[in-house]
Amino acid sequence: MIKQKILIVEDEEHIAEVLIAYCQNNGYKVHHLTSGHGVIDYIKTNQVDLMLLDLMLPDIDGLEICKQLRLFSQLPVIMVTAKGEEIDRLFGLEFGADDYICKPFSPREVVARIKAVLRRADNNVANQSHEHIIRQSGFIMEPNKYKATFKGSDLTLTPIEFKILALLLNNVERVYSRDEIMNQVYLDTADVSDRNIDTHIKNIRKKINRFSSDANPICSVYGVGYKCEQLA
Ligand code: CA
C-alpha cells in the first residue's frame, strides 16, 4: 500500500517533533513546514493527503491559509490550536477546516482524528464515483471530478459541502432536517452537531452568492431544515 502523506505546518519545534513522530509511527509519510509562507506553493506542487495546520504561525495565520487553500483544493485539513487560543470550533470549520484538535493533545487523539478525516475523504470519493452528473437549477455537479459549478462558475466546495449540495439537488423542493443531512453526509455523526450543518450550508450559500446577485436556491425552512428551490 502506498503511504499517505501528511503535511505538518507547525512553528513550535517540540510540538512539530511530537506530531512527526506520531504520524511516522502510524505509517504516514510526513513533510514539515515551520511557517505559513510556502504552504500553498507546496500543496500546489506536491502530492499531499492531509494537512495538520497550526492556527498561530509567525507569518500567515492558519485560517488565512485554509481560506486560500479552499479556493482551489479539497485537501482535508485538521486545525491544531494551542490551549487558550480563543477560537470557536465552528470558526475553523467556516474557513474550510475538516476537523480541529486542541493542544495539549494525546497521540491517540491525533491519530484517531487523522484516520477519521482520511476515511471520510476516501468515502466521499468512493460514494460519488459511480453517480451520475447532476444538472439542476443552474448547477452542474460532476462527482467523478469532484467539481460543482453554478451558472458555469466553479464553486470550489469542500468534500462535505459537495455531499450536502448533491443531496439537496438530487431532490429539489424536498426539505431535509439537519439530522437527515448529518446522517446522509457523515459516516460517523458522533462529533457532529446541528450547528456544523448550519455552518456548511452558510458556506455553500456564500459560495453560490459570489456568482448570483439575485436568487440563492439553497434556503432554510424555518423550524425544519434546508431545501434547494427549483430555479427557472
Ligand atoms: Ca504556533
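**Close-up 1. Crossing of helices α6 and α8 in the predicted model.** The axes of helix α6 (residues 159-170) and helix α8 (residues 194-209) come within 10 Å and cross at roughly 80 degrees, which makes α6 roughly perpendicular to α8 (a word used for angles of 65 to 115 degrees). Axes are lines fitted to C-alpha atoms, for helices over the stretch in contact, and angles run from 0 to 180 degrees between N-to-C directions. Helix α6 contributes Ile160, Glu161, Ile164, Leu165 and Leu168 to the contact, and α8 contributes His200, Ile201, Asn203, Ile204 and Lys207, where contact means heavy atoms within 4.5 Å. These residues divide into six nonpolar, two polar and two charged, with Ala, Val, Leu, Ile, Met, Phe, Trp, Tyr, Cys and Pro counted as nonpolar, Asp, Glu, Lys and Arg as charged, and the others, Gly among them, as polar. The model is predicted, with local features needing pLDDT of at least 70, side-chain atom pairs counting only at pLDDT 80 or more, and totals for chains, interfaces and linings using all residues. Residues are numbered from 1 along each chain as its sequence is written, and side-chain values use heavy atoms, with hydrogens and water left out.

**Close-up 2. The open sheet of five strands.** The strands follow the order β2-β1-β3-β4-β5 with parallel pairing; two strands pair if DSSP finds at least two bridges between them, and helices (H or I, at least four residues) and strands (E, at least two) are DSSP runs, numbered from the N terminus. Because β2 (29-33) and β5 (99-102) stand at the edges, each with a single partner strand, one side of each is left without a neighbour in the sheet. The twist averages 20 degrees from one strand to the next. Strand β1 (residues 5-9) pairs with β2 in the parallel sense over five bridges, and Val9 stands opposite Leu33 in β2.

**Close-up 3. Helices lying across the sheet.** Helix α1 (residues 13-25) lies across β1, β2 and β3 (50-54), and runs at about 165 degrees to β2. Helix α3 (residues 62-69) lies across β3 and β4 (77-81), running at about 150 degrees to β3.

**Close-up 4. The calcium ion.** Asp11 (OD), Asp54 (OD) and Met56 (O) coordinate the calcium ion at 2.1 to 2.3 Å; donors are N, O and S atoms within 2.8 Å of the metal (3.2 Å for Na, K and Ca), and water is not among the atoms, so sites may look incomplete. The donor residues are spaced D-x42-D-x1-M in sequence, and distant parts of the chain are linked by Asp11, in the loop between β1 and α1, and Met56, in the loop between β3 and α3, 45 residues apart. Asp11 is partly exposed, with a relative accessible area of 32%, and Met56, at 48% relative accessibility, also counts as partly exposed (buried means under 20% relative accessible area, exposed over 50%, partly exposed in between, with a 1.4 Å probe and protein chains only).

Methods:
Parallel < 35°, antiparallel > 145°, perpendicular 65-115°, else oblique.
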